[in-house]
Amino acid sequence: MDGAILDARVVAHGPFLDNFRMREVTRSALVARPPERIYALIDDIDSYPLFLPWCTGARVESRTAEEVVATLSIQRGPLRTEFTTRNRLEPPGRIAMTLERGPFRTLEGAWDLQRLGDAGCSVSLTLRFEFSNRVSGALLEPVFGETVASLVDAFVARAREQPVAAPEPPPHGS
């Protein structure tokens, strides 16, 4: 089950004039780790450049118990950009993202984590985006879509690198 990809979709919405459209990327996987562990990895924004090869910078602008505003710098092929999202935190099952600023007309989505008993959890990411500029959108949309689609795989791989916590030993005399 660890890292099994359940679903991978890229869907285009809206008019197809000049390749300018809303895109939706959905990706999900099963992971042999508890949702709290995966949630912590997703919420550890400062660590993104350590394991996301296209992430050249990550900074948290502000953080409260309910939300975090963060800026990511990305570089992948012709795509070189920076954007900021406001992320609503709902531990340990959901992080919902909305665009604050960047080269998009729309950027919104969510990470959803579902506990699967003691076996681990399902992880899914859905992200909808549309670039503000038609020319940039035509060039960068496919690259950004591939980048988003790689996120679940990257977090699953990162979770596998983390040691699995050993079970608590029984109390003495049991």
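Leu89 sits across from Ile95, a residue of strand S6. That pairing belongs to a predicted model, so treat what follows as a tour of computed features.

**Strands S5 and S6**
- Strand S6 covers residues 94-101 and runs antiparallel to S5, with seven bridges joining the two.
- S5 and S6 make a hairpin, and three residues lie between them.

**Strands S4 and S5**
- S5 also pairs with strand S4: S4 spans residues 67-76, S5 spans residues 79-90, and ten bridges hold this antiparallel pair together.

**A closer look at Leu79**
- Is Leu79 buried or exposed? Leu79 counts as buried because its relative accessibility is 1%, and the cut-off for buried is under 20%.
- Leu79 belongs to strand S5.
- Which residues does Leu79 touch, once its neighbours within four places in sequence are set aside? They are Ile74, Leu140, Val143, Phe144 and Thr147.
- Thr147 is 68 residues away from Leu79 along the chain, yet their C-alpha atoms are 9.8 Å apart.

**The chain as a whole**
- If you walk along the sequence, the elements come in the order β-β-α-α-β-β-β-β-β-β-α.
- Take the contacts between residues at least 6 apart in sequence: 50% of them link residues at least 24 apart.
- The chain exposes about 9,100 Å² of surface, and 53% of that comes from carbon and sulfur atoms.

**Cysteines**
- How many disulfides does the structure hold? The count is zero.
- For anyone new to the term, a disulfide is a covalent bond that links the sulfur atoms of two cysteines.
- Cys55 counts as buried because its relative accessible area is 5%, under the 20% cut-off.
- Cys121 is buried as well, with a relative accessible area of 0%.

Technical notes: Residues are numbered from 1 along each chain as its sequence is written. This is a predicted model: local features need pLDDT of at least 70, side-chain atom pairs count only at pLDDT 80 or more; totals for chains, interfaces and linings use all residues. Side-chain values use heavy atoms; hydrogens and water are left out. Helices (H or I, at least four residues) and strands (E, at least two) are DSSP runs, numbered from the N terminus. Contact means heavy atoms within 4.5 Å. Accessible areas come from the Shrake-Rupley method with a 1.4 Å probe; for residues, only the protein chains shown count as cover. A disulfide is a pair of cysteine sulfur atoms within 2.5 Å. Buried means under 20% relative accessible area, exposed over 50%, partly exposed in between (1.4 Å probe, protein chains only). Two strands pair if DSSP finds at least two bridges between them.
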